[in-house]
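Please open the structure in your viewer and keep the selection tool at hand. The stops below are meant to be followed in order.

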Amino acid sequence: MTTQSPLLVTGGAGFIGSNFVLRHLRNAAAAPMVNLDALTYAGNPHNLDSLAGDARHTLVHGDILDRELVRSLLTTHRPRAIVHFAAESHVDRSILGPGAFLKTNIDGTFNLLECAREHYATLDGAERDAFRFLHVSTDEVYGTLQPDEPAFHEDTPFAPNSPYAASKAASDHLVRAWTHTYGLPTLITNCSNNYGPFQFPEKLIPLVLSNALNGKPLPVYGDGLQVRDWLFVEDHCSAIETVLAKGRLGETYNIGGNNQQTNISVVRTICTLLDELRPKATAYADQITYVTDRPGHDRRYAIDARKIQRELEWFPAQDFVNGLRLTVEWYLNNQPWVQNVTSGAYREWMDKNYSDRTATSDHKGVTA
Ligand code: NAD
Ligand code: TYD
């Protein structure tokens, strides 16, 4: 049994958080982890099944808004850092119901910061020097880019366009203020779109995979020429570990894979991989259906990751072609996981988000 101070992770049963926890604990010498997660629709304790019986991992089912709970976790476990993933994270859900985003992403982060500030004030010596609050955020706080504009850098002004992005931008501002006003030792990371194992099938890549295998339409919003800068989730996790270990206090680090793709190109690549790995009589691309666009849809995201590369010597390990193949293989090999998360409430969500999106034919010929 190790005597190292643990990490307190929030949202570690979600997509990126569970990848982070699993990756961290793959190292036999790693510090233990206390994992605070409300287990919303997006949180799935089965993501962590491989840790069953591992005393280094403690899953606490609870809300980041619960001040007494967070206080008691800090007092009991005395973590050396808080790594804050917990959030409502899906843009389409934020459009149909923004309230939960303001609560968790803004009030929840505020609550954690206040608890962390109180706790930090009780620390001294090496424990105080080592303490960190790492806030995991998104490139969506920067708004949208025209095709010819330079990628987002750390000084790009915030211009969030969706309720999700606005709530994350607000939380980033709070974290910044808690450093400047109270001296809390924080770090912020703003990352581009992630993909990989354990992503909930409401986001583009797992949704397309799930629909493709079920013979359903593959819904492409608008003209499908929106651009995202995709990063394999393991690379995001390694970047967070690097920032936690070496990042300069009070700094923001942009994280990205230098991999800009149009949505239609991503969907077509998935179809090609499925044609090879799970062939059927007709091509999967025949299922592509252009549908009514998302309101306020950001056209392009792109990350300038030179700061983290230069200062902390972090680089992504996975290229998109390999990363997407690994992801498709993971979903094909983990169909019980997909079936488990796509029962009940998921069907209601699919109905709510897609039933009013009429199929459009005007972009059928577009390729990218
Ligand atoms: P996710 O939706 O898959 O997981 C969120 C997790 O937070 C879930 O386990 C959920 O149960 C938990 N949670 C939600 N509300 C909570 C609350 N009130 N208290 C405790 N736990 C709560 O999200 P994700 O895609 O893993 O994203 C994690 C973080 O990374 C988020 O902060 C998100 O903004 C950020 N991010 C995501 C991406 C991406 O592409 N997914 C990219 C950049 C940044
Ligand atoms: P998403 O995975 O929701 O991530 P984000 O909105 O945070 O970038 O969507 C990625 C892109 O894919 C985005 O431009 C919206 C688009 N999209 C579709 O075209 N169809 C869909 O069914 C979904 C969920 C997303």
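Why should the 23 residues of helix 4 span the distance that they do? Bear in mind that this is a predicted model, and begin by selecting residues 99–121, which make up helix 4. While helix 4 is still selected, move along to Gly108, where a kink of about 25° is centred.

Next, select ligand 2 and show the residues around it. The shell holds 19 residues, and the closest of them are Glu140, Pro219, Arg294, His297 and Tyr354.

Now look at individual contacts, starting with Glu140, which has a polar side-chain atom 2.5 Å from an oxygen atom of ligand 2. Asn263 also places a polar side-chain atom by an oxygen atom of ligand 2, at 2.9 Å, whereas for Leu204 the atom that lies 2.9 Å from an oxygen atom of ligand 2 is a backbone N or O. Taken alone, ligand 2 would expose 510 Å², and the protein buries 97% of that area.

Finally, colour the elements that contribute to this shell. Helix 3 (91–96), helix 7 (204–213) and strand 8 (218–221) each supply at least two residues of the shell around ligand 2. Which of the elements gives the most to that shell? Select strand 8, which gives the most, with three residues.

Methods
Residues numbered from 1 in each chain as written. Chains lettered and ligands numbered in written order. Predicted model: local features only at pLDDT ≥ 70, side-chain atom pairs only at ≥ 80, totals over all residues. Heavy atoms only, no water. Helix = DSSP H or I, 4+ residues; strand = E, 2+ residues; numbered from the N terminus. Expected span 1.5 Å × (residues − 1). Bend = angle between axes of the 7 residues up to and from the residue. Near = heavy atom within 4 Å. Polar contact = N/O pair within 3.5 Å; in protein donor to acceptor, adjacent residues only side chain to side chain. Areas by Shrake-Rupley, 256 points an atom, 1.4 Å probe, with all protein chains shown as cover.
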